[in-house]
Every structure is written in structure tokens, then in C-alpha cells.
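Dear colleague,

Please find below the structure that I am handing over to you. My findings follow directly after it.

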Amino acid sequence: MEKQFHTTLQSNYTLFTGEVSAHSPSNIALIKYWGKKENQIPTNSSISYTLTNSYTDTILKFTPKTEKGYDVKVYLEGEYKESFAPKIITFFERITAYIPFLEQFSFEVFTSNSFPHSSGIASSASGMSAMAICLVQIEQQLGAILSEEEALKKASFLARLGSGSACRSVYKGLVEWGENDFIEGSSDLYGTKYPDHEIHDVFKTFHDTILLIHEGQKTVSSTVGHNLMNGHPYAERRFIEANENLQKLLPILKQGDVKAFGELVEHEALTLHAMMMMSNPAFILMKPNTVAALDKLWEFRRETGNQLYFTLDAGANVHLLYPAQDAEAIEIFIENELKQFCQNGNYIQDKVSF
Ligand code: DP6
């Protein structure tokens with residue numbers, strides 16, 4: 001299967017100096033990827049919304065060189081970041097079988113995020129997706145013939161090797177990743193856009209307001225968290241349930257059942273965090289204000305009937321999910337009642353991209 005991603009470049013391609021660029025949004029999973037095997041193969045299927053206002057822009061400059069080895073310099077918001085190069089080099093090592101020219105150029109990566117670096121929003125999904133899209137563009141400039149569809153699929157395949165969830169950031173809308181027998185074309189190797197015509201319009205208007213509960217680095221990285229699913233007493237059950245939940249979600253998406261959607265998505269988020277708490281060693285990424293915000297949200301939903309739901313990523317922040325039709329009342333509630341739980345009162349207004 002991986003064979004289809006080997007380069008079609010002939011060995012006599014000509015090197016030149018140039019630059020490419022990519023814009024890639026972050027994504028928020030509804031059914032969570034948590035657990036992986038060798039080579040970034042997920043232990044269950046996942047699906048996410050690609051966002052709009054939370055994104056990475058990357059310019060990748062390349063200059064031919066003759067010495068062996070990788071040469072990468074990374075600049076974040078214009079500032080040279082020596083500490084970022086090892087992550088890109090690890091990525092290069094993983095993808096070198098599919099991108100033959102990585103040792104033949106000196107690379108300069110100029111990257112910037114729309115969200116503050118300290119916000120606790122993971123930049124790995126949007127960042128790795130943008131890098132992968134840039135590399136496929138260089139491959140095409142050197143002469144590889146790829147249709148638009150093949151180029152995106154290859155970018156998603158490469159992005160996965162950088163960071164699993166990054167493979168879902170290559171497409172807009174709802175993107176699925178992980179092989180199963182109920183989504184046609186699903187694969188462990190790359191993300192697949194879930195067809196827009198299978199999604200009720202109400203889910204195409206969803207807002208995602210991200211409460212920045214705790215800014216700064218999280219205490220346990222996703223990679224460590226995934227590894228703690230190895231030998232986890234509930235792992236096997238969790239992997240089965242995630243796939244069942246994805247299968248349950250599909251008719252809900254089609255019918256436009258916002259209540260069933262919200263309940264399933266909240267269950268997924270809490271399961272993710274429950275898995276963390278039951279790991280050995282255990283860890284908790286929620287903060288007191290995360291729980292306080294969820295409590296307030298539930299109270300608001302009970303009292304007003306507004307369709308406000310949440311999900312959580314692997315951190316303390318809360319993603320508030322709601323349809324555009326309820327946005328007015330909900331956004332007043334966020335400003336008046338939830339903002340107090342955000343560190344420095346900061347939250348990000350985002351929405352899904354269709
Ligand atoms: C909780 O994709 O960041 O956000 O593959 O190790 O880079 P690596 O992990 P990463 O994990 C994301 C986990 C999650 C759930 C999800 O996005 O599906």
C-alpha cells in the first residue's frame with residue numbers, strides 16, 4: 001500500500017533554488033485518535049472538523065547543497081528557533097523513503113501560527129500538514145506528475161508520519177482517518193474527506209469557540225499519552241468503542257441530530273481524559289477551570305435548552321461546539337459566564353470549514 005507514495009521522480013531531476021508555501025488549519029477531533037502502533041498507524045478510526053481561524057502559514061525555501069545529511073533551519077514568527085530543527089529532522093527521517101531530495105537541499109522553514117504559541121493549541125497538526133503540503137509541491141516542481149487528488153493524498157500520508165492528527169488537516173470539512181469497514185476508502189495511512197453530501201447542513205455551520213483555560217506547555221505530550229495506551233487495561237475496549245462511536249456518528253451527521261451528536265462528542269472527550277487518568281503512570285490534563293467551565297455549560301444547557309456542547313483535546317482547553325442558529329445567545333453566555341475561566345480572559349472564536 002505504501003508503494004503508491006514512492007516518488008515518481010526520475011533520478012536525473014535538476015536541482016534549483018526556490019520556495020513554496022502552504023496554509024493549513026488546525027483540526028478538532030470528534031472521535032479521538034488515542035493510541036498508535038509502529039509507523040504512526042492508529043489503533044482506532046477518528047474523525048475531526050477542520051477549523052478556519054486557527055492555522056499555520058509556512059514558507060519553505062530550498063537551496064541545493066552537495067554535503068550529505070539534513071540541513072534545516074526553522075524560524076517561528078520570524079525568530080530563529082534552533083530547538084525546532086530536531087523535530088523536522090525526525091520527520092525527514094520518517095519520510096525519506098517517499099521524498100528523495102531531502103538531503104540535496106538546505107531548507108529554511110518560515111512558519112507562523114494564527115494562534116499564540118503559548119495558547120496550548122497544538123500546532124503540530126497544522127504545522128506538519130503545512131510542511132507536508134510544501135514538500136509535495138517541491139516534488140512536483142522537480143517534475144513528479146501527480147493529480148491534485150494524488151498530491152493531497154500524498155501530503156496527508158506524509159503529514160501522518162509527522163504527527164498522526166496532521167493527516168486530517170490536509171482537507172476541509174470533516175476528515176476521517178483509520179481503516180474500517182463502514183467508510184469507503186478509509187485508510188490507516190492517510191486522512192479521507194468525509195463526503196459533504198453525507199452531512200446535514202446544520203453541521204456545516206458549527207462554531208468552535210476555544211476557551212484558553214491554561215496557556216503554556218502541557219505536562220504530558222500526546223506522543224507519551226499514546227504510548228501509555230500500550231498495556232493499558234482498558235485499551236482494547238476503548239479501541240472497539242471508538243470505532244463503534246464513529247459508526248454511530250454517521251447517521252447522526254446525515255440526519256442533523258444535534259443532541260445525539262453533542263452527547264456522543266462529549267462522551268468521546270471525557271473518555272479520552274478518563275483513559276489518561278487510568279494510565280500507568282496516571283496523568284490529568286484538565287485544570288480546575290476546565291471542570292468549572294464544563295459544569296457551567298451543563299447548567300446552561302439544562303436551563304436554556306440551547307444546543308451548546310463541548311469537546312476537549314489533549315490539554316486543558318475547552319472547545320465549545322454549537323450551530324450558527326444558536327450562536328447569538330451562546331456567545332453572550334460565553335462572554336458573561338465562561339470567559340472568567342480562561343487564563344487572561346482569552347478565548348478564540350473559530351468555526352468549521354466547509
Ligand atoms: C487527543 O496527532 O498530536 O488530539 O501522532 O504523536 O503527533 P502524534 O499525536 P497527535 O495526537 C492527537 C491526539 C488528540 C486526538 C485527535 O486529534 O484525534
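The lining of the second largest pocket comprises 3 nonpolar, 5 polar and 6 charged residues (Ala, Val, Leu, Ile, Met, Phe, Trp, Tyr, Cys and Pro count as nonpolar, Asp, Glu, Lys and Arg as charged, and the others, Gly among them, as polar). The model is predicted: local features need pLDDT of at least 70 and side-chain atom pairs pLDDT 80 or more, whereas totals for chains, interfaces and linings use all residues. Residues are numbered from 1 along each chain as its sequence is written, and side-chain values use heavy atoms, without hydrogens and water.

A pocket is an open set of points on a 1 Å grid over the protein atoms alone, where a 1.4 Å probe fits, with protein on both sides within 12 Å along at least five of seven lines; lining residues have an atom within 4 Å of a point. Of the 14 lining residues here, Lys 37, Glu 38, Asn 39, Gln 40 and Leu 161 lie nearest the centre. Helix H3 (148-162) gives the largest share, 3 residues. Helices (H or I, at least four residues) and strands (E, at least two) are DSSP runs, numbered from the N terminus. Domain 1 (2-197) and domain 2 (200-351) each contribute at least three lining residues; their bounds come from an automatic or database domain assignment.

Elsewhere, 4 strands form an open antiparallel sheet in the order S11-S12-S10-S13, where pairing requires at least two DSSP bridges between two strands. Strands S11 (309-312) and S13 (347-351) stand at the edges with a single partner strand each, so one side of each has no neighbour in the sheet. S11 and S12 (residues 318-322) pair over 4 bridges, and Thr 311 has His 319 in S12 as its bridge partner.

Yours sincerely
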